[in-house]
Structure formats: C-alpha cells, structure tokens
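Work through the exercises below with the sequence and the model open. Each task is followed by a solution in steps.

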Amino acid sequence: MEQLGGQLKGIYRDILKDGRGRILSDSGWSSNTIVHRCRILLAGFIKGDASGGIHHLSFGMGRDSWDHDGPPPPDPSATDLIAPYPRPMPLDTLGLTYLDDDNNEVSTPTSRLQIAAILEPGYPDPTTPAATYPLREFGLFGTFDGAYFMINSIRHPVIHKDASATLIRKIRLHF
C-alpha cells in the first residue's frame, strides 16, 4: 500500500521504579509496530463508521522461550497478544495528550498522540509461585463496530515487575 506523506509511526519507553521510587531501569525510546488493523480503525473513523478510538492497553507474558532466543518482531497482522493479562488498563486510567513537533504537551489536536500508563504496585498481580509478573508484550486496542482492534504491538525483553514496583509506559503515535 502506498503511503502519502509520512508513515504511521509508534515509539515507546518504559521506566521501572522500585517501591521507594528509585529508577531501576529506563528503556529509552524504541520503535513499536503499528499493526494493519489500526489502518482499518482509522479508515472507519474517517468514513464515520462506528469507530470508538482507543479502548484499552493490554499487557502480556509472551512466551518464556523469548528470554533465551529474544522476542520475535511483532506480527503486523496480529489481532491480539500471545498471552494477555486478563485485566487490561481501560481508557479512563490512561493519560492521553497531544504533542507538538518538539514533543511538548499541547491542548489542541496535532498529528502526535502520547498515551501514558502507570502500572502501580500490585498490577499486574505477581504470578504464583513467582514474586513477579513477567511482562514481555503489550498492545494498544481500539474498538470498531463493537469489536476490539489492535492498534500497535510491542514484544520486548522480559521485565520482572514485582508487587512493589511501578512501571511507567509511554507510547507515542505519529500520524
């Protein structure tokens, strides 16, 4: 498919803090994959069909084998995560802001959107018997005609989030 102008682009950053608020790790900005169904969601919105925009952010464990072999690149035709956590973060818990060309937050619509999610201590619930929840993937989802449509997908090296840690995940979408 030929794209006019710039490509749709997504980037993300993770900051993991311990129970005292100290930064344990900062991933820096990395690219993510805008999946094909995002384009369908956008087309439905432009046409005026029942597109509901962003609905939730899901997190998942992915596969244990990714810890040894490295995570495979996200599949652009994916419609869901490999192993999603059963309680995604709904839209009302996410911070959505427009960004200008210098990535400053602005109040008027622009072609850049930032989504911020704060995974507070205890979310997701640590797995048993481990004291952590292994995060290896995430996806942003919207709705179209009552169905969930994946917008973007990330597979990354495992983050072992324990019950006292906070993970701040920021996603930037450039349209």
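**Exercise 1. The largest cavity**

How much space lies in the largest cavity? Find also which residues line the largest cavity and which element gives the most to its lining.

Solution. The model is predicted, so every value here is computed from predicted coordinates.

Step 1. The structure holds one cavity of 30 Å³ or more. The space in the largest cavity is about 40 Å³.

Step 2. The lining is made up of Ala78, Asp80, Leu81, Ile82, Glu137, Met150, Ser153, Ile154 and Arg155.

Step 3. Sorted by class, these lining residues are five nonpolar, one polar and three charged.

Step 4. With four residues, β10 gives the most to this lining.

**Exercise 2. A serine in the cavity lining**

Is Ser153 buried or exposed? State which residues Ser153 touches.

Solution. 

Step 1. Ser153 is located in strand β10 and is among the residues that line the largest cavity.

Step 2. The cut-off for a buried residue is under 20% relative accessible area. Ser153 has 4% relative accessibility and therefore counts as buried.

Step 3. Leaving out residues up to four places away in sequence, Ser153 touches Asn32, Thr33, Val35, Pro74 and Phe138.

Step 4. Leu81, which also lines the largest cavity, is 72 residues from Ser153 in sequence, yet their C-alpha atoms are 7.9 Å apart in space.

**Exercise 3. An asparagine in contact with that serine**

In which strand does Asn32 lie, and with which residues is it in contact?

Solution. 

Step 1. The strand that holds Asn32 is β3.

Step 2. Asn32 has a relative accessible area of 10%, so it is buried.

Step 3. Apart from neighbours within four places in sequence, the contacts of Asn32 are Gly10, Ile11, Tyr12, Asn152, Ser153, Ile154 and Ile171. Ser153 and Ile154 in this list also line the largest cavity.

**Exercise 4. The largest pocket**

Which residues are the closest to the centre of the largest pocket, and which element gives the largest share of its lining?

Solution. 

Step 1. The largest pocket has about 500 Å³ of space. It is lined by 18 residues, and Leu42, Phe45, Gly53, Leu113 and Phe175 are the closest to its centre.

Step 2. Two or more lining residues come from each of α1 (36–47), β4 (51–60), β6 (95–99) and β8 (112–119).

Step 3. The largest share, six residues, is from α1.

Step 4. By class, the lining has 13 nonpolar residues, four polar and one charged.

**Exercise 5. The helix α1**

Why does the distance between the end C-alpha atoms of α1 agree with its number of residues? Decide also which residues of α1 are buried.

Solution. 

Step 1. α1 has 12 residues, and at 1.5 Å a residue these should span 16 Å. The end C-alpha atoms are 17 Å apart, so the two values agree.

Step 2. The buried residues of α1 include Cys38, Leu41 and Gly44. These residues cover an arc of only 125° around the axis, so they are on the same side of α1.

Step 3. Ile46 and Lys47 are exposed on the other side of α1.

Step 4. Among the elements that cover the buried residues of α1 are β3 (30–34), β4, β9 (132–144) and β10 (147–162).

**Exercise 6. Backbone exceptions**

Which residues are joined by a cis peptide bond? What is the phi of Asn103, and what is that of Asp145?

Solution. 

Step 1. The background is that most residues other than glycine have a negative phi, and most peptide bonds are trans.

Step 2. Tyr123 and Pro124 are joined by a cis peptide bond with omega of about -15°. Pro124 is in the loop between β8 and β9.

Step 3. Asn103, which is not a glycine, has a positive phi of about 65°. Asn103 is in the loop between β6 and β7 (105–106) and is partly exposed, with a relative accessible area of 29%.

Step 4. Asp145, also a residue other than glycine, has a positive phi near 50°. Asp145 is in the loop between β9 and β10. At a relative accessible area of 63%, Asp145 is exposed.

Technical notes. Residues are numbered from 1 along each chain as its sequence is written. This is a predicted model: local features need pLDDT of at least 70, side-chain atom pairs count only at pLDDT 80 or more; totals for chains, interfaces and linings use all residues. Side-chain values use heavy atoms; hydrogens and water are left out. On a 1 Å grid over the protein atoms alone, a cavity is a set of points where a 1.4 Å probe fits but cannot get out, and a pocket is an open set with protein on both sides within 12 Å along at least five of seven lines; lining residues have an atom within 4 Å of a point. Grid points are joined across faces, edges and corners, and a volume is the space filled by probe spheres set on the points. Ala, Val, Leu, Ile, Met, Phe, Trp, Tyr, Cys and Pro count as nonpolar, Asp, Glu, Lys and Arg as charged, and the others, Gly among them, as polar. The expected span of a helix is 1.5 Å times one less than its number of residues. Buried means under 20% relative accessible area, exposed over 50%, partly exposed in between (1.4 Å probe, protein chains only). The arc is that of the directions from the helix axis to the C-beta atoms. Contact means heavy atoms within 4.5 Å.
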